[in-house]
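The points are grouped by topic.

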Amino acid sequence: MDVQTLLSLLFEPGFFTSEPVRTAAVIGAAAAIVSGVVGVFTVIRGQSFAGHSLADVSSAGGSAAFLFGINPLLGFLGMGVLAAMSMELVRADRASERDLVTGVVTGAGLGVAALFLYLDMTTSSTTGAAVTVMFGSIFAIPASLVPLALLVGAGALLAIGVLYRPLLLSSLDPDLAAVRGVPVRLMGLLFLIVVALAVALSAITVGAILSTGLLIGPAAIALHLAKRPGLAILLAAVIGVAVTWGGILVSYDSYEWTGGRGWPVSFCIVMLIFVAYAVVAQTGPARERRQEHPLPSGEKPHVTSAG
Amino acid sequence: MFEDFMVNTWIAATLVAVVAGIVGFFVVIRGASFAAHALPLSAFPGAAAANLVGVNPLLGLLVFSGLGVAGISQLARRGRRDLATALSLVMLLGLGALFLSRTTEYFQAVYALLFGEVLGVSNADLGPVALLGAVSVALIVILFRPLLLSSVSPELGEARGVSARLMEALFLSVVALATAMALPVVGALLVFSLMVGPASAARALTNRPLSAMLLSGAISVVTVWAAIALSFISDWPVGLFVGGLSALTYGAGRSWAWAGERGL
Amino acid sequence: MARGEVLAVRQASVSLSGRSILKDIDFSLEAGEFCGLIGANGSGKTTLLRTILGFIAPSSGSVTIDSGGKLASVGYVPQKFALDPYMPMRARDLVALGLDGNRLGVPLPSPGRRRKVDEMLESVDATRFADQRIGNLSGGQQQRVLIAHALIRRPRLLLLDEPLANLDMRSVAGVVALLRRLSQEFQTSVLLSAHDMNPLLSAMDRIVYLAHGRAASGSTDAVVRTEVLSQLYGYHIDVVRVHGRVIVVAAEAEDDAQAAVAHDPVHVAQVP
C-alpha cells in the first residue's frame, strides 16, 4: 500500500480543502492550546468544578447572544467573566464552601440561561438553540469569527505568561505566596477570569458543557506524565491540539462510515480524551497518587480476644 | 394556578423538593456540590438514549446516573475526586452529544431535560417519582448516623467500623436516585440548585443535625412552591426562579450566620 | 499475650508502597497504663497508631488487642481535626455519635442515651459547652469533646494522635491531667503520640520512643538516656535534664545523618 492510499484511507476526500474544516481546525487548536495551558493551573488549584461551572454559566451569555443576534463568543465571554467575579466575591476559606458558592452561582446562572433559551425558542423558530449552545457546532463556525477567537486566545495566554510565577506559587501554596507578598485573592480572581476566556473559546467549539473536557482532560493527562509544571503545560497544550484535531478528523471521516450520519465532533474529542486518560492512569504515577488518600483501603482491625 | 392540570405539578414538585432538600443536607455537609451537579448532568443523556432505544426514559436516567456513580468512584480510586467527577461527567455528556445527533425531533426535549418542564406532569409520571423519592428518603433515614459520622470525619468513622469508601458510594447512589426522580420535573441543571441552596441556609439556622436536615427539606419545598407560582405568573421558566431563589437562600443563610457571630 | 496486657505489639514491621516505615516494633501496654509515643515528625507515630487501629496491616509481626470480651476495644482521637464552623452539630451530637454512630436509622430521643452522653460530657468537663456548635469551640474544648466521643463506650484502649499539638500551654496541662484521671477512673490504657515528651513526664507510666522507624520502650528513666537513644538513632545523642525538663540534643552530624536516614529508613535499621 503506498502512502497515497494510506492517506486517503485516513483522511476522507475533501478534508483538507473544506472551508469549515479549516476554520474548525484553527479555532479548535486555539481553544485546545488555551484550555490546556489554563487547565494545568485549574487542576493544580483543584478548581475543576469552577472551570466546569464557568462554562455552564457562560451558556447563559451564549443563549443571550442567540437571542439578540450578537457575536456568540462575546456572549459566552461576558457571562463567564461575570460569573468568575461573583464566585470570587463571596468569601470562602474552605474548599467545600468554595464548591458550594460555585454551585450556587452556577444554579443562578443556569436559571438565566433557561430564561434566554426559553425566549430563543418562543421568539424565533429555531428549536436548536439549547443543543447548539450546550453541545457546540464546530463545523458551523463562520470564518469571520477566527480573528476574534485568536485575539481572545492570545489574551488568555499573555495573561498566564505575565502571571506565571505568582500564579504558580499561589496555586501550590497560598500561605507561602502570601508571605512572599503575592496578592492571593486578586490572583484567584484574575485566574478565574482567564479560565472564563478559555472556556468561552471552547464553548463555541465543543459546546458549553463539554468544554470541561478540553480544560481538565489534557491537563490531567499531562500532570500524570510530567512532574514539572512548565513541561506539563506544554504537554497539555500538545495533547489538547492532538485530541481536537483527531476528533475533527474522526468526526469528518465518520460521515463516510455511517452513511451521512456522522458522530459529533464533541463526542469524538471527549472519547479520545477519555481513552488517553484511561491509558495514562493505568501507568506509573497513579500508584504514587494513591498514597495521598487519607484513608486506608479498609482492612478490618485484627482483634483477637484473649480475655 | 391551582387548576386541574396543575395539581400533578404541585404534587410532583413537592415530592422532588422534599427529597432534594433532605439529600442536599448531606451534599452540603460533605462538600459534595460538584458530584451533586455532575450526577444529574451525566444522567441526562440517559433519557436521550432511552428515547433512541425506545424504553422508558426513567430507566435510561437510572442507568446513566448509575454509570456516573461508578465512574466517579472508580476514577477517584486512582486520582483526585474533583478530577474523577469532571472526567466521568464529560465522558457521559460526550455520549449525550452522540445520542442527540441521532435525532432532531428531540431538540425540544433537550431543553425540558436540562431545564425542567414542570407543567407537563401526567398521572403516570407521579408513581415512579413517588416511589424513587420514598426509596431515597428511606436510604437517608437508614444511613443517617454512620453517614453523619463519616461526613464529620472519615477517620472517626473508620475507627468505629464505618467504611468511608462504602459511605461515599452509598451516598452517591442516593444522590443518583434522587437525581433520576427529580430530573424529569426540574431538569438536570437545576436539581442540584435545590440540593445546595436550602441545605446551606438550614445549617445556619440550627445547631442540630437532624433538625437541619428536616429544615432543609422544608425550605426546599417553599423554594419550589414560590418558583412555580412566580413562573406561572410571569410565564418565564421555572428554572430561572429555582436557581435565583436558591442563591438568595444561600445568601440569607450566610448573612444569618454572620449576624449570629456578631451577636446581632 | 501475657495476663493483664491490653495491647501487645510484637516485632511488627510496616511498609507503605515498598518503603519500610516501621521496623521490629515491640512493646506492650497493661490495663490502665498511660503511655507516651514520642518521636519527631516523620518518625512513624501516626503509622504505628493506624497499624494498631487495624487500618494498616503489618508486613510482619503482630498487633494484638485484648478486647476483654467487650465489643468496643479501641477508642481513637485522630490528628488534625478541624471541624467546619458551618457544620450543624453540637458537642453533644458528636459524643452521641461515639456511642452509636455505626448504628442504622435516625437517633430517636432516649433518656438512657441522653444520660450516658451527659455523664460523659461531665467527665471531660464539657457540660458548659455541650450545646454549642463544635466548629466554634476552641482547640482545647474540641479535644475534650473528641476524647468524650472516643471514651463513651468505655474502650479498654484509647489511642490519641498528637492531641497536644496546636494547644496553648494551659490547655495542654488540662488535657494531660484529664487523660491521666480518665485512664485511672475507667481503667483504660492510653497511648498518646507527641513530639515533645515534657508535658507528659509526670503522667507517663511508660514511654515508647520512636526514631527512624525503630522503637525503644520502657519507663521514662530507662529509655530517655544517652546510651539508649544514641543506639536508637545510630549516632550520638545527649539527653540533658534541666529544671525538670528533658532536652534531647543530637551531635553536630545530625543534619546530614538525619537527611540520609529520612530518605531511607531501612538504612538506620541496619545500624547496630
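**Helix and interface**

In α12(A), the buried residues are A:Val265, A:Ser266, A:Phe267, A:Cys268, A:Ile269, A:Val270, A:Met271, A:Ile273, A:Tyr277, A:Val280 and A:Ala281. The model is predicted. Chain B and chain A bury about 5100 Å² between them.

Helix α12 of chain A
- The helix covers residues 265-282, 18 residues in number.
- At 1.5 Å a residue α12 of chain A should span 26 Å, and its end C-alpha atoms are 26 Å apart, so the two values agree.

Extent of the interface
- Chain B brings 57 residues to the contact and chain A brings 58 residues.
- Carbon and sulfur atoms give 72% of the area buried between the two chains.
- On the side of chain B, the most area is lost to chain A by B:Arg78, B:Leu87 and B:Arg102, which together account for 13% of what that side buries.

Polar and charged pairs
- Two salt bridges are found across the interface of chain B and chain A.
- B:Arg203 forms a salt bridge with A:Glu97, with 3.0 Å between the closest N and O atoms.
- Eight residue pairs are in polar contact between chain B and chain A, counting pairs with both residues at pLDDT 80 or more.

Make-up of the chain B side
- Elements of chain B that give two or more residues to the side touching chain A are α2 (33-53), α3 (57-76), α4 (81-101), α5 (107-115), α7 (154-159), α9 (188-205) and α11 (238-261).
- The most come from α4(B), which gives 14 residues.
- By residue class, this side of chain B has 33 nonpolar, 14 polar and 10 charged residues.

Note on methods. Residues are numbered from 1 along each chain as its sequence is written. Chains are lettered from A and ligands numbered from 1 in the order in which they are written. This is a predicted model: local features need pLDDT of at least 70, side-chain atom pairs count only at pLDDT 80 or more; totals for chains, interfaces and linings use all residues. Side-chain values use heavy atoms; hydrogens and water are left out. Contact means heavy atoms within 4.5 Å. Buried area is the accessible area (1.4 Å probe) that two parts lose on being put together, summed over both. A salt bridge is a side-chain nitrogen of Lys or Arg within 4 Å of a carboxyl oxygen of Asp or Glu. A polar contact is a pair of N or O atoms within 3.5 Å; within protein, one must be able to donate a hydrogen and the other to accept it, and residues adjacent in sequence count only if both atoms are side-chain atoms. Helices (H or I, at least four residues) and strands (E, at least two) are DSSP runs, numbered from the N terminus. Ala, Val, Leu, Ile, Met, Phe, Trp, Tyr, Cys and Pro count as nonpolar, Asp, Glu, Lys and Arg as charged, and the others, Gly among them, as polar. The expected span of a helix is 1.5 Å times one less than its number of residues. Buried means under 20% relative accessible area, exposed over 50%, partly exposed in between (1.4 Å probe, protein chains only).
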